[in-house]
Every structure is written in C-alpha cells, then in structure tokens.
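Dear colleague,

I am passing on the structure we spoke about, and my notes on it follow below. Please read them with the model open beside you.

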Amino acid sequence: MNNYLPELTVRIAAGLGEVDAEIRDKHTKFIVARQQADGGFGGREGASDLYYTSFALRSLAILGELYGDLAERSSGFLRSKLGGQETIVDFLSLIYGAGLIETAAGIDVFADAAEDWRLQVAAALEKLRRDDGGYAKGELGSASSTYHTFLVLLCLQLLEQPIPQPERVRDFLLSQEADDGGFREIKASKRAGTNPTAAAIGALRIIDALDQNVADGAVDFLLEMQNDEGGLRANTRIPIADLLSTFTGCLTLTDLGALHEIDTAAAMRYVEGLQQPNGGFFGAIWDEVADVEYTFYGLGGLAILHP
C-alpha cells in the first residue's frame with residue numbers, strides 16, 4: 001500500500017521547487033499572515049479551525065516554510081484540540097497536521113497522549129463503517145460516502161493502523177462507479193463528479209485494488225471535465241471550472257499516467273489566472289476572496305502542471 005498523503009506532499013514539494021522563487025515567496029507571505037493568535041488558521045472569516053489549519057500547514061510544508069515559531073504556535077493549537085470530539089475531516093486534519101509539524105520541525109504534538117491513542121482513533125473510525133463496506137460521514141449517517149471512505153483510509157495510514165476488510169471497501173467503491181466512468185459521492189447521487197472520482201481512485205490505489213478498466217473509465221470521465229476556461233468542472237451539470245476540481249482531476253490523471261491527454265497548457269493558464277498579486281488563489285472566476293484552502297489547491301496545480 002502506498003502511503004498516500006506523505007508521498008503526495010513530497011511529490012508536490014518537488015514540483016513546486018521548479019516554480020519561480022518570487023511566486024513561492026508571495027504565497028508563503030500570504031499564508032503566514034493568516035496565522036491567528038492561537039496558532040491556528042481560519043477560513044475567510046471566523047476563528048481558527050483544524051480544517052483550514054491543515055491546509056495552511058500543508059502549503060507551508062510543500063513550500064519548505066514549516067519551521068520555527070510558526071510551527072511551535074501551530075503545534076500549540078493542535079494540542080488544544082486533542083480532547084475534542086472531532087468529525088472525520090477534522091480527525092484527518094489534526095493527525096496530518098501533527099505529522100507535518102513533526103517531520104518538518106521535529107515537534108511531537110502527541111507526546112503527552114495516551115499510549116493507545118492510535119488504537120482508540122482507529123476504533124472510533126470503524127464505528128463509521130456501514131453494511132455496504134464503506135464509511136459514513138458520521139456515526140448517525142446512514143449512507144456510505146466515497147469521499148469519507150477515502151478519508152478513513154488516509155487516517156488509518158497516518159495512524160499506521162491496518163485497514164479492516166479492504167475487500168469490502170473495494171466492493172463499496174466499485175458500486176459507486178457510474179456508466180460514464182466517473183464515481184458518485186453517495187448511492188443516491190444522480191451523476192458522477194470530479195472530486196468523488198479522485199477520491200475513489202485514490203482509495204482504490206491505497207488498497208491496491210485499481211484495475212485497468214476502472215482506471216480507463218475514470219480517465220475518460222475526467223477528460224470530459226475540462227472546459228474552455230482550461231480548468232476542470234465538478235460535474236457535467238456545472239459549466240464553470242473551479243480550482244479544487246482542477247487540482248484533484250489533474251492529480252488523478254497524473255496518477256493514472258494520462259495528464260498529457262488534457263490541454264495542460266490551458267489548465268496551467270487557468271490556475272495561474274486565479275493567483276492574486278499579493279499571494280493566495282481564488283477558487284474560480286466568480287470568487288472575490290483568497291483563502292488558505294484554495295491556495296493549497298493552487299500551489300498543487302502549479303506543481304503538477306509546471307512544464
């Protein structure tokens with residue numbers, strides 16, 4: 001099994017190293033300026049939270065700027081969240097953020113945690129398992145989610161815990177495949193989407209269950225998502241491209257050896273067009289505010305598409 005997130009971080013960091021230093025520097029300054037007094041990072045407004053803090057830390061890690069006082073303060077914010085009841089998204093954000101800080105700055109966020117904390121988290125995640133083999137968004141959720149199943153696998157990898165019954169995960173994911181080769185988020189979804197497709201392909205790769213027919217179908221679907229803007233759309237009903245779908249779609253095409261099958265120059269122009277003069281990225285042409293989440297997607301897009 002490939003260790004998905006750490007390997008992705010290294011890959012994007014390597015690609016970003018080829019980008020002009022002035023561009024990297026302005027985005028670094030944009031992110032650093034958004035650290036709040038408690039050491040965390042927030043969204044476009046409001047207090048710090050684990051989700052946005054994770055994106056800020058991921059961006060700083062791939063930029064080679066996660067160290068020193070900023071890392072110390074961020075570790076304090078993460079420690080303040082250790083006793084909370086977090087969603088699966090926040091679980092992943094906490095665990096991955098802590099891993100990044102330990103790798104980049106040598107700070108162990110979990111130094112004072114119980115010895116069996118990894119086992120406790122893994123057991124809590126397994127409570128999200130549903131009869132179809134997938135994982136729901138929360139304990140009260142009845143429907144398995146392609147995206148949240150992917151997140152559970154990522155969490156288990158970061159916790160260095162085994163993935164229980166991976167064949168059931170495989171069966172659930174394959175049941176989400178649509179006729180056009182893309183993947184649905186939940187069974188009730190009427191159409192496939194770029195981001196659920198990226199999540200499904202990532203999850204199947206983690207459990208080593210991706211066969212060529214499924215990969216070819218996903219490629220065909222993703223190729224149809226690029227529009228005249230150069231970016232990729234979220235699904236066939238949405239006419240406008242967005243930065244998240246462009247990043248996840250291009251990353252998945254790269255993983256499947258098919259990035260060259262889209263117009264990569266047009267995709268790069270789309271990503272570059274969403275950069276702001278003082279750093280940060282908009283999420284799409286309709287956007288008016290840059291934030292740390294879309295800045296990560298933008299940096300990732302520059303890294304993947306850089307010639």
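I begin with Asp255, which counts as partly exposed because its relative accessibility is 21%, where under 20% would have made a residue buried. Please keep in mind throughout that this is a predicted model.

Asp255 takes part in a salt bridge with Arg11, in which the closest N and O atoms are 2.8 Å apart. This pair links distant parts of the chain, since Arg11 belongs to helix H1 (residues 4-16) and Asp255 to helix H11, 244 residues apart. Arg11 is itself partly exposed, with a relative accessible area of 38%. The side chain of Asp255 also meets that of Arg205 in a salt bridge, at 3.3 Å from N to O. Arg205 lies in helix H9 (residues 194-206) and Asp255 in helix H11, so this pair ties together parts that are 50 residues apart in sequence. Arg205 counts as partly exposed at 26% relative accessibility, and Arg11, Arg205 and Asp255 are linked in a network of salt bridges.

The structure holds 8 salt bridges, and one of them joins the side chains of Arg44 and Asp287, at 2.7 Å from N to O. Here too the pair links distant parts of the chain, with Arg44 in the loop between helix H2 (21-32) and helix H3 (50-62), and Asp287 in the loop between H12 and H13, 243 residues apart. Arg44 is partly exposed, at 38% relative accessibility, whereas Asp287 is buried, with a relative accessible area of 7%.

Turning to the surface, Trp286 lies in the loop between helix H12 (264-273) and helix H13 (292-305), and it counts as exposed because its relative accessibility is 52%. Together with Ile238, Ile240 and Ile285, Trp286 makes a nonpolar surface patch of about 390 Å².

In the model, residues 16-68 are 51% helix and 0% strand, with the end C-alpha atoms 21 Å apart, while residues 164-305 are 51% helix and 3% strand, with the end C-alpha atoms 35 Å apart.

Note on methods
Residues numbered from 1 in each chain as written. Predicted model: local features only at pLDDT ≥ 70, side-chain atom pairs only at ≥ 80, totals over all residues. Heavy atoms only, no water. Patch = residues over 30% accessible without salt bridge, like charges linked within 9 Å, V, L, I, M, F, W, Y side chains within 5 Å. Areas by Shrake-Rupley, 256 points an atom, 1.4 Å probe, with all protein chains shown as cover. Salt bridge = Lys/Arg side-chain N within 4 Å of Asp/Glu carboxyl O. Helix = DSSP H or I, 4+ residues; strand = E, 2+ residues; numbered from the N terminus. Buried < 20%, exposed > 50% of the residue type's maximum accessible area, 1.4 Å probe, protein only.
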